[in-house]
Amino acid sequence: MMTTAEIREKYLRFFEEKGHLRLPSFSLIPEDDPTLLFTVAGMAPLKPYFMGAKPVFPGHEGEHRRVTTCQKCLRVGDIENVGRTARHNTFFEMLGNCSFGDYFKREAIEWAWEFVTDSRWLGLEPERLYVTVYKDDEEAYEIWRDVVGVPEVRISRWDEDENFWPANAISQGPNGPCGPCSEIFYDRGPGYGSPDESGPNTGSGDRYVEIWNLVFTQYNRSGPIPGEGLLEPLPQRNIDTGMGLYRVAAILQDAADFYDTDTFRPLIDQVAEISGVPYKGAASVSHRVIADHVRAVVAALADGATFSNTGRGYVIRRLLRRAVRHGYLLGVKEPFIYELAPLVADLLGDFYPEMREQLSSVQGEIRAEEARFLETLESGIRRLEALLASLGEGDVLPGEEAFRLHDTYGFPLDLTEEIAAERGVRVDREGFEKAMREQVERARAASAFSGEVFATEAAALERVFENHGATEFTGYERLEDEGRVLLILQGEVELDRLGAGAGGQVVLDRTPFYAEGGGQVGDSGVLEWPGGRARVLTTKKSKQGLHLHQVEVEEGELTVGAEVRAVVDPKRRCTEKNHTATHLLHAALRAVLGGHVRQAGSLVAPDRLRFDFTHGAPLSDDEVRRVELLVNRWVQADFPVSWTFMPLAEAKKAGAMALFGEKYGETVRVVRVEGSPDTSGILEAEVRSMELCGGCHVRRTGEIGYFVIVAEEAVSAGVRRIEALTGEAAVRFARDLLDRTTALARELGTAPAQLDQRIGKLQQELKNLKRENERLAAELARAQLGGGSGPEVSRAGKFSYLAVELAGLDAAALRQAADELLERHGVDLVAVGSGGNLIVKVSKQAVQEGLDAGRVSKALAGRAGGRGGGRAQMAQGGGFDLEKAFAALPEALAE
């Protein structure tokens with residue numbers, strides 16, 4: 001695996017070999033550039049040289065018209081997408097090469113192509129690369145087509161919104177250096193795409209992703225913003241290119257996205273440890289946001305920024321608040337972000353030494369700010385209470401107010417909804433989202449980067465493949481086999497041996513170990529040889545088809561050329577059960593829900609299976625039951641499971657389903673369940689399972705044993721997820737559930753079969769008792785109010801009122817008593833209290849005259865040590881003094 005640091009070094013070395021001066025990163029805080037709060041692009045610190053200034057740099061003699069850097073940058077325009085997509089982060093490192101009036105389009109294009117495709121560097125497949133150019137840039141188009149040799153079908157032209165930098169600069173600004181650009185895209189394959197995606201910059205999918213942007217900076221824009229700007233030629237034609245380091249790292253490290261790379265994942269793991277909430281990939285938005293934002297905050301503070309309410313200080317304060325808020329969602333209610341700062345310094349400090357040098361002060365600033373913000377979060381709770389004071393049951397809290405709580409106090413929307421629901425108030429989520437969108441559009445940086453880059457393997461893998469071909473996989477037939485060691489790698493280093501205690505990756509000429517793919521996890525097990533043994537932790541596959549066994553040597557010494565016995569862990573048989581069950585589940589879902597169901601992801605492990613699929617609504621209990629029953633009928637039928645290889649076109653014609661994320665050659669493996677289960681009572685038609693799949697399966701469906709669905713939930717809009725168990729794990733799950741049910745029935749004095757009736761009866765008894773309690777409370781109130789002439793009516797200004805203290809009543813009984821008093825005595829206002837509760841009710845006539853029960857309630861609460869309620873007109877709290885509240889009524893009514 002190539003580390004992020006190694007990738008950074010490789011890029012800089014490539015352009016040094018092309019005659020570029022390597023410069024260290026400039027500060028995140030721009031010098032002498034009032035247009036920027038932070039350095040947002042690699043070219044930003046070099047703007048004077050694009051404008052014609054002599055490229056002279058301290059510590060380097062003479063002029064240098066070719067420069068390469070890895071520049072730290074910070075952008076917050078798409079902050080709401082951070083953690084939710086694989087494209088967005090705030091603090092990032094931009095790899096770049098620049099020419100100040102030296103080379104121009106041809107060299108920039110040719111060198112970019114060399115770095116991307118040459119096996120010495122990235123080694124991406126040329127046939128999977130696409131390029132875009134500005135609609136009027138004939139020069140760039142011809143270089144790509146005639147010099148580089150990119151087919152015209154993979155070159156497309158776009159307007160200023162896509163292929164001018166900054167985007168839309170001509171019509172919308174900003175002012176400054178600009179020019180047409182050309183982008184390189186990589187085709188990830190149809191598994192990443194969407195039906196509306198036909199090439200770069202199209203559709204809503206991620207099939208075609210930008211990996212490099214070549215900007216031909218030849219103009220200076222001036223004029224109104226927005227408005228048609230004036231483009232004037234710069235004193236010299238320039239080149240500015242940018243490649244996102246973390247996107248490259250995600251690919252070269254075989255990570256799903258940059259959150260799993262070596263500069264992010266350690267932070268995520270520490271967040272999981274502190275919070276006690278495990279990380280679950282893309283679903284764990286809070287872990288991702290915290291990891292991203294703490295990097296940005298540490299980097300900015302280390303460069304001299306400080307927390308404040310304006311400018312860049314506000315930006316980093318907002319980033320920290322978002323991180324703390326997401327910690328709050330994970331259950332962390334004490335300062336903890338500062339504990340992550342040393343790890344950030346460890347991960348980035350080698351290249352950015354200021355992070356280590358300033359660590360002590362950075363930690364102190366973060367901790368103090370965290371503590372203040374947690375108090376702010378409490379203030380947000382108080383603000384919400386004030387908003388709810390003017391609302392009653394059934395009312396709606398405006399979305400704009402919910403968003404203000406979110407934006408100002410960092411108050412989570414779900415917490416706002418939870419507290420509001422306790423009062424019977426609904427939050428206008430649509431209004432909240434509208435306000436959020438409006439803010440995002442106001443803040444969006446037009447020049448934000450998107451896309452990912454793709455990986456290459458080490459040259460050693462290429463050599464082994466050329467000499468021996470792809471690994472021969474024998475694991476469909478057996479769990480043990482003999483193989484010869486062809487290659488040992490430790491990171492990017494090729495070794496001839498591994499001693500006891502060492503770890504590395506081993507390539508065999510043949511292996512029964514399945515390499516991770518198609519949703520199925522890679523096999524584990526052991527390699528054995530005379531005098532030695534190595535544990536195989538997992539198995540992955542290189543792009544050449546070589547199986548990479550991640551091993552740790554436990555005994556002896558493993559050498560290249562050694563003959564080994566490869567033994568797969570027997571738990572693979574459980575994986576096979578789950579994989580075949582996944583196919584049956586897929587077919588059952590399509591049969592029960594409809595042909596629109598398509599696989600959107602999967603996990604096939606020894607202990608469980610997970611299946612993501614397209615469907616627009618939650619499954620009903622009946623649908624879950626029918627799907628589960630259909631799969632179990634397949635299991636009970638004990639049908640044979642067969643597989644065969646055939647041309648892809650023939651397989652598709654036969655109706656074989658393609659699996660998510662798989663890439664298929666001309667010949668494919670088709671896995672078929674030979675038979676249709678009994679569908680009576682479930683479906684009217686028969687159903688069959690046949691899929692393209694390279695994974696491992698049982699020989700007969702009966703081997704699965706038993707299938708049970710344990711969870712069904714949403715993953716994202718239009719995508720659902722089912723988690724299920726098979727075999728012994730399913731039996732244990734069912735047994736545990738039955739045991740818990742039996743124990744619960746015993747506690748309730750009934751049989752398991754009558755548990756629902758017993759619970760229903762208890763619920764009805766509880767309702768009856770509640771009604772009886774309410775009746776008794778009402779009688780108690782009437783008894784205290786009855787007799788004599790009743791309570792004395794008082795006046796304050798133009799309003800008449802009653803103030804009555806009752807004993808032993810809850811809020812509901814107080815409300816009823818207040819209503820009776822208001823109706824019986826015809827006064828303008830009634831205040832009824834008991835213990836720590838005070839209810840204030842106002843007549844309709846008094847409301848028309850301007851009397852506000854909520855305002856009076858809050859005023860009384862403030863004087864008596866409680867807090868005001870909403871239209872429910874309740875003030876409450878520990879230490880509430882009714883005598884003080886009643887004494888304050890005249891003054892409150894007069895206000």
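Visitor: Which helix does H293 lie in?
Guide: Helices here are DSSP runs of H or I with at least four residues, numbered from the N terminus. This is a predicted model, where local features need pLDDT of at least 70, side-chain atom pairs count only at pLDDT 80 or more, and totals for chains, interfaces and linings use all residues. Residues are numbered from 1 along each chain as its sequence is written, and side-chain values use heavy atoms, leaving out hydrogens and water. The run at residues 285–302 holds H293, and that's helix α9.

Visitor: Is H293 buried or exposed?
Guide: Buried means under 20% relative accessible area, exposed over 50%, and partly exposed in between (1.4 Å probe, protein chains only). H293 has 0% relative accessibility, so it counts as buried.

Visitor: Which residues does H293 touch, leaving out those up to four places away in sequence?
Guide: Contact just means heavy atoms within 4.5 Å. With that cut-off, H293 touches I79, V82, T90, L319, R322 and A323.

Visitor: At what angle do α9 and α11 pack?
Guide: Axes are lines fitted to C-alpha atoms, for helices over the stretch in contact, and angles run from 0 to 180 degrees between N-to-C directions. Helix α11 covers residues 341–348, and its axis and that of α9 are 10 Å apart. The angle is about 80°.

Visitor: What is the mean pLDDT of the chain?
Guide: pLDDT is the predictor's confidence in each residue, from 0 to 100. In this chain, 93% of residues reach 70 or more, and the mean is 86.

Definitions and conventions. Helix = DSSP H or I, 4+ residues; strand = E, 2+ residues; numbered from the N terminus.
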